Amino acid sequence: MIWREATREDVPAIVAMLADDVLGQGRESADAAPYLAAFDAMQAEGGNLLIVGEIDGSVVATYQLTMISGLSLKAARRAQVESVRVASDRRGEGLGAALMQDAEARARAGGCALIQLTSNRSRERAHDFYAELGYVASHVGFKKSLR
């Protein structure tokens, strides 16, 4: 597997992975325009990476890594992982663990002292996966729609 920063041409494959589950089916769209605009905005921001895993020329995994500077924890820089996906036909091959290893390596290289993520309450298998990798469910998360 080759891990690399995503290109604009990768956006359709990434969106397809985001939509390829029960939750994603209801919240993703077939309209490419907002996704391409969001990709362009991400490219313009510092410390906001969209990464893909590629095997034999096909995008089979993706995640977003955002580096956040802050004052808490003795001014620790942290990495936020979002939109972790492995193509449904490639699950069970260890790609998810490799994906998280890549994210952790990039976070360390970016000077981050910790890495964090949120996962939908209904994704119990994902919670078990993250726990196996050493992630601790140490906080309660809250979200509020601003739309």
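Strands here are DSSP runs of E with at least two residues, helices are runs of H or I with at least four, and both are numbered from the N terminus. On that basis Gln80 sits in strand 4. The model is a predicted one, so local features need pLDDT of at least 70 and side-chain atom pairs count only at pLDDT 80 or more, while totals for chains, interfaces and linings use all residues. Residues are numbered from 1 along each chain as its sequence is written, and side-chain values use heavy atoms, with hydrogens and water left out.

Back to Gln80: with 13% relative accessibility, this residue counts as buried (buried is under 20% relative accessible area, exposed over 50%, partly exposed in between, with a 1.4 Å probe and protein chains only). Its side chain makes a polar contact with the side chain of Glu82, at 2.9 Å. A polar contact is a pair of N or O atoms within 3.5 Å; within protein, one must be able to donate a hydrogen and the other to accept it, and residues adjacent in sequence count only if both atoms are side-chain atoms. Setting aside neighbours within four places in sequence, Gln80 is in contact (heavy atoms within 4.5 Å) with Gln64, Leu65, Thr66, Ile68, Gln116, Leu117 and Thr118.

Leu65, one of those partners, belongs to strand 3 and is buried at 0% relative accessibility. Beyond four places in sequence, its contacts include Gly47, Leu49, Ala103, Ala107 and Ile115. Leu65 and Leu117 lie 52 residues apart along the chain, with 9.7 Å between their C-alpha atoms.

Now for the core. A nonpolar core is a set of buried Ala, Val, Leu, Ile, Met, Phe, Trp, Tyr and Cys residues joined through side-chain atoms within 4.5 Å. The largest one has 34 residues, and Tyr63, Val84 and Leu99 have the most contacts inside it. Elements supplying at least two residues each include helix 1 (11-19), helix 3 (32-44), strand 3 (58-68) and helix 5 (95-109). Strand 3 gives the largest share, six residues. Leaving out neighbours within four places, Tyr63 touches Val84 and Leu99, and also Trp3, Asp102 and Arg106, among others.

After helix 5 comes Gly111, with a positive phi near 80°.
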